[in-house]
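Have the sequence and the 3D view ready as you read.

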Amino acid sequence: LTPNGKVDEARLPRPDLTADDHALPETRTQETLLAIFRRVLGRPGLGVDSDYFLFGGNSLNAMEALSEIGEATGRALRVADLYTCRSVRRLSALLDREGGEALPAAAHLAPAPHQERW
C-alpha cells in the first residue's frame, strides 16, 4: 500500500501475458464471442478463458466488441456485463442463461424526415 492507504500498483507483479490461453470453444456462442474478442484485441491466441482486459481490452474497444456481439447474437449487453464476466466462457454463460436484452429489429426503425439545409 502507498502511504495514503491505496494499492501501490507499481509494486504488484505483472500478469503473465506470454502464455495465451488456448482453450477451445465448446459451443457456437463461444465460437462467435472468441472470434470477436480475437479480432477486436488483435490477439489470435486468445482462448475461452482469456481475460478480455488483461489482453488489451479497455472501455473503448469494449464498445466495439459489444456492438459486434449484438449484431452476431441479436442480444444487447452492457459494458458492465463485460467487466463482470471478462472471458468468453463466462460471457457466453451469461448470454445462454439470461439471453440478454433483445435488440430492436431494424424494420421498426423509420428513416428521419428529409430536412432542407441552408
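Two residues are said to be in contact when they have heavy atoms within 4.5 Å. Keep in mind as we go that this is a predicted model.

With that in hand, pick out Tyr 52. Which residues does Tyr 52 touch, leaving aside its neighbours within four places in sequence? They are Phe 37, Val 40, Leu 41, Gly 57, Asn 58, Asn 61, Ala 62, Ala 65, Leu 82 and Arg 86.

Tyr 52 also belongs to the largest nonpolar core, which has 22 residues. Along with Phe 37, Ile 69, Leu 77, Leu 82 and Leu 91, Tyr 52 is among the members that touch the most others. In soluble globular proteins, nonpolar side chains tend to be buried together.

Now move to Ser 50, in the loop between H1 and H2. Is Ser 50 buried or exposed? Its relative accessible area is 4%, and buried means under 20%, so Ser 50 counts as buried. The side chain of Ser 50 also reaches the backbone nitrogen of Gly 47, at 3.0 Å.

Together with Val 7 and Leu 12, Leu 1 makes a nonpolar surface patch of about 320 Å².

Terms used:
Residues are numbered from 1 along each chain as its sequence is written. This is a predicted model: local features need pLDDT of at least 70, side-chain atom pairs count only at pLDDT 80 or more; totals for chains, interfaces and linings use all residues. Side-chain values use heavy atoms; hydrogens and water are left out. A nonpolar core is a set of buried Ala, Val, Leu, Ile, Met, Phe, Trp, Tyr and Cys residues joined through side-chain atoms within 4.5 Å. Buried means under 20% relative accessible area, exposed over 50%, partly exposed in between (1.4 Å probe, protein chains only). Helices (H or I, at least four residues) and strands (E, at least two) are DSSP runs, numbered from the N terminus. A polar contact is a pair of N or O atoms within 3.5 Å; within protein, one must be able to donate a hydrogen and the other to accept it, and residues adjacent in sequence count only if both atoms are side-chain atoms. Patches are made of residues with over 30% relative accessible area and no salt bridge: like charges are joined within 9 Å, nonpolar side chains (Val, Leu, Ile, Met, Phe, Trp, Tyr) within 5 Å. Accessible areas come from the Shrake-Rupley method with a 1.4 Å probe; for residues, only the protein chains shown count as cover. A salt bridge is a side-chain nitrogen of Lys or Arg within 4 Å of a carboxyl oxygen of Asp or Glu.
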